[in-house]
Amino acid sequence: MTRLTQLYIDKIQNLLQQIEKDKDIKIIFAIENGSRSWCMASKDSDYDVRFVFYRSVKNYISLSQEKDVITAAYDKDLQPCNVQGSLIDISGFDIFKYLKLLLTSNPTTIEWLCSPIVYYGNNNLPLREYMRNNFNQERLFKHYFSLFRNNYREFIQQAKAITYKKYLYSMRGLLNAKYVYEFDRIPPLDLRQTVKELENIVPVEVYKRIQEVIEIKSQGLERDVILRIPEFDEFFNVELQNEYSNFNSRKPDVEVFNNFLRKQIIHPYLT
């Protein structure tokens, strides 16, 4: 880890502590949820900091509810700025919002539980193992497939300027969806690992090209404007026509989430 990277990690931790104080909240955990946690970071990758928080009981038992999302962003000089072009992008979900999304097997909230980069608190909650064994296969598949379809249509098919980064983000959505469908497991956060495990399922020419594009991104060239990648386009268009069925009927039990929620809000912090 470089001194510069550690500087930003220390700053992120300080920022999160300040957010706790300013917003009168308790952060359960804060993690990285972006290219850094996917092992796809380039030299100039930003920090996508995501966290889950809860408020005091009096804030929940009120006719005027506080916002369930808290956001902040900072530039390379660690000054507040707009999210667009920021170096540190921070976003937090209230525990009620987070658990409702997790109950639907929302991939983003599952990834937060599994992120290997933890800035604050502890994301190794009992819900992590529970979701690994009880996620709704169809919903998780459809979430990832929608990410693929929407990214492909907006940033590649309809885009005037195409980049490696946009192709890779579309590919990640599709590969994660196929992983869920083929193996009925939560995909690894490390995209290289996902690609490796799908080697016998993905066309050979696509498999090789993905490896090349991941390497290009690691060199910091992901924003270079490029021509279309025919191997990817063909693969994407075939997948868009495929029909997927015969999903596992398993789904999370809402009472497991209710019990976790009750344990959190009875914390001494709230009394």
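## Cysteines

Cys81 has 29% relative accessibility, so Cys81 counts as partly exposed. The model is a predicted one. Cys39 is also classed as partly exposed, because its relative accessibility is 36%. The cut-offs behind both labels are under 20% for buried and over 50% for exposed.

The structure contains zero disulfides. Cys39 takes part in none, and the nearest cysteine sulfur, that of Cys114, lies 13 Å away. A disulfide here requires two cysteine sulfur atoms within 2.5 Å.

## Strand S4

Strand S4 covers residues 88–94. Seven of its seven residues are buried, so the rest of the structure largely encloses this strand. Two sets of side chains point opposite ways. Ile88, Ile90, Gly92 and Asp94 point one way from S4. Asp89, Ser91 and Phe93 point the other way. Both sets are buried.

S4 pairs with strand S2 and with strand S3. Strand S2 (residues 47–54) runs parallel to S4, and seven bridges join them. Phe53 stands opposite Asp94 of S4. Strand S3 (residues 69–74) pairs with S4 in the antiparallel sense, over six bridges. Ile70 stands opposite Gly92 of S4.

## Helix H10

Helix H10 has twelve residues, 230–241. At 1.5 Å a residue, the helix should span 16 Å. Its end C-alpha atoms are 17 Å apart, which agrees with that expectation.

Which residues of H10 are buried? They are Phe232, Asp233, Phe235, Phe236 and Glu239. Seen down the axis of H10, the buried residues fall within an arc of 165°, so they line one face of the helix. On the face of H10 turned away from the buried side sit the exposed residues Pro230, Glu234 and Gln241.

Arg209 is located in helix H9. Its side chain makes a polar contact of 2.9 Å with the side chain of Glu212. With neighbours within four places in sequence left aside, Arg209 is in contact with Ile229, Glu231 and Phe232. Of these, Phe232 is one of the buried residues of H10.

Notes. Residues are numbered from 1 along each chain as its sequence is written. This is a predicted model: local features need pLDDT of at least 70, side-chain atom pairs count only at pLDDT 80 or more; totals for chains, interfaces and linings use all residues. Side-chain values use heavy atoms; hydrogens and water are left out. Helices (H or I, at least four residues) and strands (E, at least two) are DSSP runs, numbered from the N terminus. The expected span of a helix is 1.5 Å times one less than its number of residues. Buried means under 20% relative accessible area, exposed over 50%, partly exposed in between (1.4 Å probe, protein chains only). The arc is that of the directions from the helix axis to the C-beta atoms. Two strands pair if DSSP finds at least two bridges between them. A polar contact is a pair of N or O atoms within 3.5 Å; within protein, one must be able to donate a hydrogen and the other to accept it, and residues adjacent in sequence count only if both atoms are side-chain atoms. Contact means heavy atoms within 4.5 Å.
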